[in-house]
Amino acid sequence: MSEPTDTPTASNSVRELVVADNQAGTFDGRVQTRFPPEPNGYLHIGHAKAISVNFGIAEEFGGVCNLRFDDTNPDTEEASYVDGILADLAWLGFPIDDDPLYASSYFDQLYEWAVLLIENGLAFVDEQDGETISTQRGGYGRPGIESPFRDRPVSESLDLFERMRAGKFADGTYVLRAKIDMQHENMQMRDPVMYRIRGEAHHRTGEAWKIYPTYDWAHGQSDAIEGVTHSLCSLEFDSHRALYDWYLEHLPLPFDQPRQTEFARLELTHTVTSKRKLKQLVEDGTVSGWDDPRMPTLRGLRRRGYPASAIRNFCAFIGVARTNSRHQIELLESFIRTELNRVALRRMAVLRPLKVVITNWPIDDDGQPVVEYVELVNNPENPEDGTRTVPFTGSFYIEQDDFKAEPPPKYFRLTPGREVRLRGAYFVTATGFDADENGNVTEVQVTYDPETRGGSAPDGRKVKSTMHWVSAAHALDGSVALYGRLFTAEVPGEATGDVFDDLNRDSLELISDAKLEPALGDVEPGQVVQFERLGYFAADPVEPLMFHRTVGLRDEWAKIQKRKG
RNA sequence: UCCGGGGUCGUCUAAUGGUAGGACAGCGGUUUUUGGAGCCGCCUGUAGGGGUUCGAAUCCUCUCCCCGGAGCCA
């Protein structure tokens, strides 16, 4: 396998567009993008792609990418989300200004421009209710009809608009509409709403405004005000591009007109990225919060142990295209493994402990089992990480799975009469075991070969397997959360139309009696280590000796079993 | 129904008129003090028909399929 990390960034339709623009001299070779989150939820993996595309293109062409909060709807937006998004962005590792931009900073300019449009006969105040306006809009293949207020005198619209702003009217009673074309085949062009009345306080402008611009009326103009050249957005805005251009063409702009270009958003199998649905998972209590390690939110992935660098590499690798697509989550996971394999320290932990006793282990002068210390490498992929000493004595824990009284075919681990290696310690041979009345093995007896200290035999004999272990007398008790996919279906909701029908009710397994090697008491909060033979695990940011499984190791044995069953 | 955007291995993605390549997944081998990692190999694809061309995934044409669009959401 070649290193995905080393693979050059995929070719990319947006990059090609920018190159073409630069060659043609468009925008005088200037490249400026923007990332415009709405502060009504937290960032998720889908945003990571958008961030990567926007910041990536800007950086590559020596331009800038503005972080601009698209805060035009006070009903759903909150300052707390602004802070959360800023924190998530900082973690992801793209350069962001200390002072983010806000669409709400342009409310005055937007208002002036709206007045200009009214004066030029290109906008009017409508006083019909939403349902009526919607009906008049027509449908696909059906023209709309014009509002009876469409041709009211400019002075009347101006007066009404002024009073809308002054808060003289109730929510929903008046709107400002662009006067474009009610027959237009593109529904977005059928006299779209520019302003609506909202009594709700805004997280930045407070009570200053009673009217708020719609997305279409705010976005392109914000781009223009900031000098954005390439306004990159997702495919569903394709039909809005005509409107984006129309507004800009009818305004006196400080710069060249920015240009909107669409690309496919990132979708992943077994994952939902709709903010509304993520919010529901949180509010339902299905997950513990926005930062639940099963969530595709940036803060969830972070807590899960996904390295920001791996997410960035993934985003660069998948490229940018206009094809609707859904990446397999396994691809993301392979980037996570690749990165973690490189950087994660190796440690030993036993998740489902089975006690093993060495019957020929020496006793010291006080009648206690001798304690030895073995030297283990911290990361074979990176010798600079050095080694650590791990205590070993006559009784220790192994995984329950690592012993079978009656071994199935191809099972290479401990079984009566078989010799295996304890990683970095000794060869041991199972001589007997105890079981309870249900036949569950409760303890295994082994003998060890003192000549095999360090894990190799002077006579050169081989063993089929190497197992991890934790000294019983020195084990730390810890807890471990194992995560499965939050949704069982590759495409949640595909079968029934409701994503929640595909919720995996067993997406979390909590183990409270894991046995950890002593060095695991020293990990930093949030640090990710590899539990040998098991996978990568992230230390909880606050709770000591609590670990979240980031992702498992590839597991040949599991694969063999799966094939059988 | 109208308009717009798409359709290349299982999943993504490259090839921009000149050998259909890569990654993930899968399969097999090798190696291994992690059944990890690594290394080697295999596997499968241009939606369909017609045309232009010495040559088509690429250009033209017809058909089929998928996605988006009728918020005072973004």
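**Helix and strand packing**

Author: In this predicted model, helix α4 meets helix α6 through D108, Y111, A114, V115, I118 and E119 on the α4 side and V154, S157, L158, F161, E162 and R165 on the α6 side.

Reader: Which term describes the relative direction of α4 and α6?

Author: α4 covers residues 107-119 and α6 covers residues 154-165, and their axes lie 9 Å apart. The packing angle is about 160 degrees. Angles over 145 degrees count as roughly antiparallel, so α4 is, relative to α6, roughly antiparallel.

Reader: Is the crossing of α4 and α6 left-handed or right-handed?

Author: Handedness is a separate matter from the angle. Where α4 passes α6, the crossing is right-handed.

Reader: How are α2 and α11 oriented to each other?

Author: The axes of α2 and α11 (residues 308-318) come within 9 Å and cross at roughly 65 degrees. The range from 65 to 115 degrees counts as roughly perpendicular. The two helices, α2 and α11, are therefore roughly perpendicular.

Reader: Which residues of α11 make the contact with α2?

Author: α2 passes α11 in a right-handed crossing. From α2, the contact takes in I45, A48, K49 and S52. By class, the contact of α2 with α11 has six nonpolar, one polar and one charged residues. On the α11 side, the residues are I311, C315, A316 and I318.

Reader: Which strands stand at the edges of the sheet?

Author: The sheet is open and has three strands in the order β1-β2-β3, with parallel pairing. An edge strand here has a single partner strand, so one side of it is left without a neighbour in the sheet. The strands in that position are β1 (32-35) and β3 (101-102).

Reader: What is the bridge partner of Q32 in β2?

Author: β1 runs parallel to β2 (residues 64-69), and four bridges join the two strands. In β2, the partner of Q32 is V64.

Reader: Which helix lies across β1, β2 and β3?

Author: Helix α2 (residues 45-60) lies across β1 and β2, at about 160 degrees to β1. Another helix, residues 215-226, lies across β1, β2 and β3 and runs at about 135 degrees to β2. That helix is α7.

How values were computed
Residues numbered from 1 in each chain as written. Chains lettered and ligands numbered in written order. Predicted model: local features only at pLDDT ≥ 70, side-chain atom pairs only at ≥ 80, totals over all residues. Heavy atoms only, no water. Pairing = 2+ DSSP bridges. Contact = heavy atoms within 4.5 Å. Axes fitted to C-alpha atoms, helices over the stretch in contact; angles between N-to-C directions. Parallel < 35°, antiparallel > 145°, perpendicular 65-115°, else oblique. Left-handed = near helix turned anticlockwise from the far one by under 90°. Nonpolar A, V, L, I, M, F, W, Y, C, P; charged D, E, K, R; others polar.
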